Amino acid sequence: MDVATEGIGTVLACALMAAVVSAGWLVSGAPALAVLACVLWAGVGLVVYFFRDPKRTPPEGEGLLLSPADGRIVAIERQEAREFLSGPVWRIAIFLSLFDVHVVRAPLNGSVSHFRYQKGRFTPAMRAQAGRVNEQVIIGIGGQEGNLLMRLIAGVVARRIVCHLREGWQVERGQKIGIIRFGSRVELELPAAAAIHVQLGQKVRGGESTIASLGS
């Protein structure tokens, strides 16, 4: 199982702690240390599972906009654009549970034309208001296939968003661009003319599921 680069330090720290306790048990023979060692090694397994980074194969097709993350579609609605885009847009929200892959990917080919970090709260990411009030990274991508805005949103447990992008960088559809730790939310804002391919409640896979198609 591949592990995301961003999680390797956490995995090693947890494994080191478990190894130290295991060594203490081997030296002392104390039953309490044996139990603690088992719990810690189980924790190492959970951390590895959380930071897993499975390979994904983006589908071929011009104008396809892919899901940036694994999770469940919790909102599809029209609204007025708040930044980067203008006029009416589609807002599509994806909720990532603790058990979803948390690697985030670029939905389409293009250039990062807008990048902003917004401080905020850490309300549960399942709530609709999380997209407005929670801490988040806001990314606008523009290209020949169209433009979109993406919000990487922290949740009540996820307290850190790791995003490698900066303004002016080029991205390819399906490219890994960062990770949000421990349950979170990703929202997309798309032009109103986009054809939506997903439904409420649908499970999606980052870098593989088609969210919408954009005109050329």
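Against which elements do the buried residues of α2 pack?

A: The buried residues of α2 pack against α1 (8-28) and β10 (176-180); contact here means heavy atoms within 4.5 Å. The model is a predicted one, in which local features need pLDDT of at least 70 and side-chain atom pairs count only at pLDDT 80 or more, while totals for chains, interfaces and linings use all residues. Residues are numbered from 1 along each chain as its sequence is written, and side-chain values use heavy atoms, with hydrogens and water left out.

The helix itself comes first. Helices (H or I, at least four residues) and strands (E, at least two) are DSSP runs, numbered from the N terminus. Helix α2 covers residues 31-50, 20 residues in total. From its first C-alpha to its last it reaches 29 Å, close to the 28 Å expected at 1.5 Å a residue; the expected span is 1.5 Å times one less than the number of residues. Its buried residues are A34, A37, L40, V44, V47 and F50. Buried means under 20% relative accessible area, exposed over 50%, and partly exposed in between (1.4 Å probe, protein chains only). An α-helix has 3.6 residues a turn, so residues three or four places apart point the same way.

In soluble globular proteins, nonpolar side chains tend to be buried together.

Several of these contributing strands pair with one another; two strands pair if DSSP finds at least two bridges between them. In β7, eight of the nine residues are buried. On one hand, β7 pairs with β6 in the antiparallel sense over eight bridges, and G140 has L149 as its bridge partner. The two strands form a hairpin with two residues between them. On the other hand, β7 pairs with β11, again antiparallel, over six bridges, with V186 in β11 as the bridge partner of L152.

The strand β14 belongs to an open sheet of three strands, in the order β1-β14-β12 with antiparallel pairing. Its edge strands are β1 (64-66) and β12 (195-196), each pairing on one side only. Strand β14 (residues 210-213) pairs with β12 over two bridges, and A195 stands opposite S213. Beyond its neighbours within four places in sequence, I211 is in contact with residues including L65, L66, I92, L188, A195 and I196.

P107 lies in the loop between β4 (103-105) and β5 (110-118), and it counts as buried because its relative accessible area is 0%. Leaving aside neighbours within four places in sequence, P107 is in contact with residues including L64, L66, I141, M150 and L188. The C-alpha atoms of P107 and I141 are separated by 9.0 Å, although the two residues are 34 residues apart along the chain.

Finally, the loop between α2 and β1 holds R56. R56 counts as buried because its relative accessibility is 14%. A polar contact is a pair of N or O atoms within 3.5 Å; within protein, one must be able to donate a hydrogen and the other to accept it, and residues adjacent in sequence count only if both atoms are side-chain atoms. The side chain of R56 makes such a contact with the side chain of D70, at 2.8 Å. The side chain of R56 also reaches the backbone oxygen of G206 at 3.0 Å. Not counting residues up to four places away in sequence, R56 touches D70, V101, R105, R205, G206 and E208.
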